[in-house]
Amino acid sequence: MIEPNPSLASLIDSASAAVAELSGRAARWRAAAPGRVNLIGEHTDYNHGWVLPMAIDRYTAMAAAPGVPGQIRVRSLAMAEESSLSLDQLHTPHGDAWMRYVQGVVAQYDRRGVHCPGLDAAVVSSVPPGGGLSSSAALELATAHLLEAVTEQALTPAERIQASVQAEREMAGVPCGIMDQTVVELAESGQVLLLDCADQTAHSVPLGSQAPALLVIDTGVSHSLAEGAYAQRRAECEQASALLGVKTLRDVRPEQLARLKGEMAAHRRATHVVSENERVRDAVTAIEQGHWDRLGALMTGSHRSLRDDYEVSCGELDLLVDLATAETGVYGARMTGGGFGGCVIVLVETDQLEAAADRISGQYDDRMGWAPGCYRVQSGAGAREICAAL
Ligand code: ADP
Ligand code: MG
């Protein structure tokens, strides 16, 4: 069954009600930011390649009221928790891991001369936390926009993105790339964003009204391998670049890969990155021409490359991709995110969406003993556009 998707307005209302309950005062400021999904271009970001994400119609909403001087209190409905931060401890990582995402942004704004007063805030989200739809960037950019509403001081979109990336890296301690925050802030409704991770330039690509539906299925697993493997893959990519005498794998042409034949790991990793960069550019052409079969084949090709050459898939992801691609009306499917768990995305004919989701999750349940979460995602606006309209 496809999970229900509450409207942005209802999320903002819930956040406002939660903050009124927390502080005893009516909510005065509001902000929201979307989650995102990456259509294609996996593990290309730190190799200075291309990615093709879009913002989705699931959101993190925040509301706030004036609070106790020198203190920020935040209630998160997702965490069923309340956390409080003393502003004189702003630059020391908070004991509650989730609070660090909020704190990190407040601290980055503080460094840029935007000082948060005492505040009570509430967070309500329809982006599943830790599910690969970037609930972290949604929380960071919702916090950034909330802070701007409170202080009546605005940073540029580029500065907001930078502050959010630094918050995640420095306060939450996650060595993230720039993709999530960039798309969450800049995306436009009905478009995917072609992002060049070398110079961070972004181009919108319209999906068109005939585009098939996108289904996200959560494996519900996150294997502990992920962190060590991420660092190892990065090192192997650097090794491959060094052996080929290039700065990054972005600069490698397919015919050069044969030179890595003696170095198995480097050869495989580079083969994925080089072919994935090609697939991203081919995917843009497929979208522009409305060739959904081609886009689906590129997505499934991306999955195979991540499974066989980059070796970051796992049994649960492979099972979902196999189940999905065997369905009628499905153009293609792939793992999305870093790997070793998280979500699969499926490009499927809109009129087959419900039936395909039911059958895939039913079969997964039969094999694994539990039904995965299924979400329909549609291309939505970025935080900049959403907050300007609030
Ligand atoms: P993803 O960004 O793919 O959802 P991450 O591991 O990068 O996964 O970020 C998830 C973390 O972000 C959560 O574990 C939590 O610490 C924080 N987070 C996200 N959404 C919320 C929320 N609504 N309330 C509190 N914390 C949240
Ligand atoms: Mg994240």
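User: How many salt bridges does a search of the whole structure find?
Analyst: This is a predicted model, in which local features need pLDDT of at least 70, side-chain atom pairs count only at pLDDT 80 or more, and totals for chains, interfaces and linings use all residues. Residues are numbered from 1 along each chain as its sequence is written, chains are lettered from A and ligands numbered from 1 in the order in which they are written, and side-chain values use heavy atoms, with hydrogens and water left out. A salt bridge here is a side-chain nitrogen of Lys or Arg within 4 Å of a carboxyl oxygen of Asp or Glu. The search of the whole structure gives a total of 18.

User: With which residue does Glu-170 form a salt bridge, and which helix holds that residue?
Analyst: The closest N and O atoms of Glu-170 and its partner, Arg-111, are 3.5 Å apart. Because Glu-170 lies in helix H4 (residues 157-171) and Arg-111 in helix H2 (residues 99-111), the pair ties together parts that are 59 residues apart in sequence; helices are DSSP runs of H or I with at least four residues, strands are runs of E with at least two, and both are numbered from the N terminus. The partner is thus Arg-111, and its helix is H2.

User: Is Arg-111 buried or exposed?
Analyst: Buried means under 20% relative accessible area, exposed over 50%, and partly exposed in between (1.4 Å probe, protein chains only). Glu-170 has a relative accessible area of 46% and is partly exposed. Arg-111 has 53% relative accessibility, and therefore counts as exposed.

User: Which residue meets the side chain of Arg-253 in a salt bridge?
Analyst: Arg-253 is partly exposed at 47% relative accessibility. The N to O distance is 3.0 Å, and the residue is Glu-255.

User: How far apart are the closest N and O atoms in the salt bridge of Arg-307 with Asp-308?
Analyst: Arg-307 is partly exposed, with a relative accessible area of 30%, and Asp-308 is partly exposed at 39%. Their closest N and O atoms are separated by 2.8 Å.

User: How many residues of helix H5 are buried?
Analyst: Helix H5 covers residues 179-186. Its buried residues include Met-179, Asp-180, Glu-185 and Leu-186. H5 is largely enclosed by the rest of the structure, because the buried count is eight of the eight.

User: Which residues does Thr-248 touch, not counting residues up to four places away in sequence?
Analyst: Thr-248 sits in the loop between helix H6 (225-244) and helix H7 (264-289). Its relative accessibility is 15%, so Thr-248 counts as buried. With contact taken as heavy atoms within 4.5 Å, the residues touched are Asn-47, His-48 and Ser-241.

User: Which helix gives the most to the shell around ligand 1?
Analyst: The shell holds 17 residues, each with a heavy atom within 4 Å of the ligand. Strand E6 (119-125) and helix H3 (135-151) each supply at least two of the shell residues. With three residues, the largest contribution comes from H3.

User: What share of the area that ligand 1 exposes when taken alone does the protein bury?
Analyst: A polar side-chain atom of Ser-76 lies 2.7 Å from a nitrogen atom of ligand 1, and an N or O atom in the side chain of Ser-136 is 3.0 Å from an oxygen atom of the ligand. Taken alone, ligand 1 exposes 560 Å², an accessible area from the Shrake-Rupley method with a 1.4 Å probe. The protein buries 80%.

Terms used
A polar contact is a pair of N or O atoms within 3.5 Å; within protein, one must be able to donate a hydrogen and the other to accept it, and residues adjacent in sequence count only if both atoms are side-chain atoms.
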